[in-house]
There are 2 protein chains.
Amino acid sequence: MALLRAREAVMGRFRPMLRDHDLTEQQWRVLRALTTAPEMRAGQLASVSFISMPSLSRILRILDDRGLILRRNEATDLRASLISLADDGAALIARIAPLSEAHYGEITDAYGPEALETLYRMLEDLTERLEVRPAERDDPGATT
Amino acid sequence: MALLRAREAVMGRFRPMLRDHDLTEQQWRVLRALTTAPEMRAGQLASVSFISMPSLSRILRILDDRGLILRRNEATDLRASLISLADDGAALIARIAPLSEAHYGEITDAYGPEALETLYRMLEDLTERLEVRPAERDDPGATT
DNA sequence: CGTATTTATTTAACATGTTATCTAATTGGC
DNA sequence: GCCAATTAGATAACATGTTAAATAAATACG
């Protein structure tokens with residue numbers, strides 16, 4: 001699958017850097033997502049970082065054990081757990097972010113900013129079209 | 001990552017079908033690869049199906065236990081294990097292949113054959129450009 | 001010929017993906 | 001208020017991805 005190979009090629013640029021800081025790609029996605037809001041529910045975090053709840057559950061335990069995040073319960077809904085960045089987490093992000101930007105710049109240089117933008121839009125378009133269709137299977141009698 | 005989401009959207013179309021036959025996506029990739037040659041070394045199989053050797057090793061054990069593949073050692077190099085499709089494996093592929101084609105057709109219809117071809121080429125181009133660069137890190141003094 | 005180095009494959013350890021199930025809290029209807 | 005159904009998260013079980021190390025056969029080299 002071309003998508004797989006491309007993704008691997010891209011991640012190959014980031015992984016060594018993350019490894020130096022003992023983070024996996026997914027843990028990094030979670031931490032970065034947490035910079036976009038002061039607090040986030042686990043479910044939100046899962047959807048914005050595109051990680052399944054079971055995986056996220058494990059990741060949060062690891063990040064919590066490492067003191068990178070904080071967790072508390074929502075007062076109005078005790079089921080919900082609110083996640084936020086701990087100081088150590090924010091500090092770690094501050095150290096890694098510039099490196100991440102540099103790698104991203106490398107990729108942009110290698111492929112061209114316009115081409116990258118085009119590719120991005122095409123991927124989103126494909127994703128959108130594929131995600132709509134399956135719903136039809138719940139309504140096979142539709143107008144085709 | 002747009003690549004991840006696109007890949008997930010695509011696989012979402014195939015996974016239920018594979019699941020009906022108790023196959024994972026990777027197991028299916030391996031079986032399909034085996035139709036392209038009467039016999040293949042494990043290493044070849046890993047590279048054409050884009051699966052790491054450790055994963056492939058486990059997958060081959062599973063497929064072997066299910067009687068879908070055959071294994072023997074190469075006479076001239078006892079390290080190499082030659083993999084081929086067992087009759088049951090070929091039969092399973094024959095049952096699944098038409099369904100797979102149908103799903104592929106759906107995707108083509110949803111996105112357009114030309115766009116799909118364009119996307120494919122862009123992904124390959126990106127992959128190629130990213131895979132070349134890392135080698136430079138072994139030779140930092142190169143002419144840039 | 002014998003040993004050091006490569007090469008093909010496997011195994012181990014840990015993290016994640018996928019699917020299913022579980023627990024606990026909330027909501028809806030009565 | 002009580003109970004069924006829903007919702008948020010967590011856990012379990014199994015397969016794969018990643019990295020490192022182990023095993024075993026082949027090759028290189030003195």
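Predicted model: local features only at pLDDT ≥ 70, side-chain atom pairs only at ≥ 80, totals over all residues.

**Entry 1**

I then checked the span of the helix. Helix α5 of chain A covers residues 87-111, which is 25 residues. From its first C-alpha to its last it reaches 36 Å, close to the 36 Å expected at 1.5 Å a residue. I also noted what comes just after α5(A): G112(A) takes a positive phi of about 95°.

Next I turned to chain B. Its helix α5 (residues 87-111) has 25 residues and reaches 36 Å between the end C-alpha atoms, close to the expected 36 Å. In α5(B) I found a kink of about 35° at I96(B), shortly before the proline P98(B). G112(B) follows α5(B), and its phi is positive, near 95°.

A reminder to myself on helices: an α-helix has 3.6 residues a turn, so residues three or four places apart point the same way.

**Entry 2: the sheet of chain A**

In what order do the three strands of the open sheet in chain A lie? I read β1-β3-β2, with antiparallel pairing. The edges are held by β1 (40-41) and β2 (69-74) of chain A, each with a single partner strand, so one side of each is left without a neighbour in the sheet.

I went through the pairings one at a time. β1(A) pairs with β3(A) in the antiparallel sense over two bridges. R41(A) has L82(A) as its bridge partner in β3(A). β2(A) and β3(A) also run antiparallel, joined by six bridges. Here I found L70(A) bridged to S84(A) in β3(A), while I69(A) stands opposite L85(A). The hairpin that joins β2(A) to β3(A) passes through two residues.

**Entry 3**

I repeated the search in chain B. Its open sheet has three strands in the order β1-β3-β2, with antiparallel pairing. At the edges stand β1 (40-41) and β2 (69-74) of chain B, and each has a single partner strand, so one side of each has no neighbour in the sheet. Between β2(B) and β3 (residues 77-85) of chain B I found six bridges in the antiparallel sense. L70(B) has S84(B) as its bridge partner in β3(B).

**Entry 4: around the DNA strands**

Which residues come nearest to DNA strand D? Of the 26 residues around it, I listed R41(A), G43(A), P54(A), S55(B) and L78(B). Two or more residues of this surface come from each of α1 (2-20), α3 (42-48), α4 (53-65) and β3 (77-85) of chain A, together with α2 (25-34), α4 (53-65) and β3 of chain B. α4(B) gives the most, with five residues. By class I noted ten nonpolar, eight polar and eight charged residues near DNA strand D.

For DNA strand C, there are 26 residues around it, and P54(A), S55(A), A42(B), G43(B) and P54(B) come nearest. At least two residues each are supplied by α2 (25-34), α4 and β3 of chain A, together with α1 (2-20), α3 (42-48), α4 and β3 of chain B. This time α4(A) gives the most, with five residues. The surface near DNA strand C divides into ten nonpolar, eight polar and eight charged residues.

**Entry 5: where the chains meet**

How many residues does the contact take from chain A and from chain B? I read 28 residues from chain A and 28 residues from chain B. On the side of chain A that touches chain B, α1, α5 and α6 (113-132) each supply at least two residues. α6(A) gives the most to that side, with eleven residues. By class, this side of chain A has 19 nonpolar, two polar and seven charged residues.

**Entry 6: the record**

Last, I looked at the annotation. An unreviewed UniProt entry places the feature "domain: HTH marR-type" at residues 1-128 of chain A. Over residues 1-128 the chain is 70% helix and 13% strand, with the end C-alpha atoms 19 Å apart.

Definitions and conventions. Residues numbered from 1 in each chain as written. Chains lettered and ligands numbered in written order. Pairing = 2+ DSSP bridges. Helix = DSSP H or I, 4+ residues; strand = E, 2+ residues; numbered from the N terminus. Near = placed C-beta within 6 Å. Nonpolar A, V, L, I, M, F, W, Y, C, P; charged D, E, K, R; others polar. Expected span 1.5 Å × (residues − 1). Contact = placed C-beta atoms within 7 Å. UniProt positions renumbered as here; feature names shortened; annotations may be inferred. Bend = angle between axes of the 7 residues up to and from the residue.
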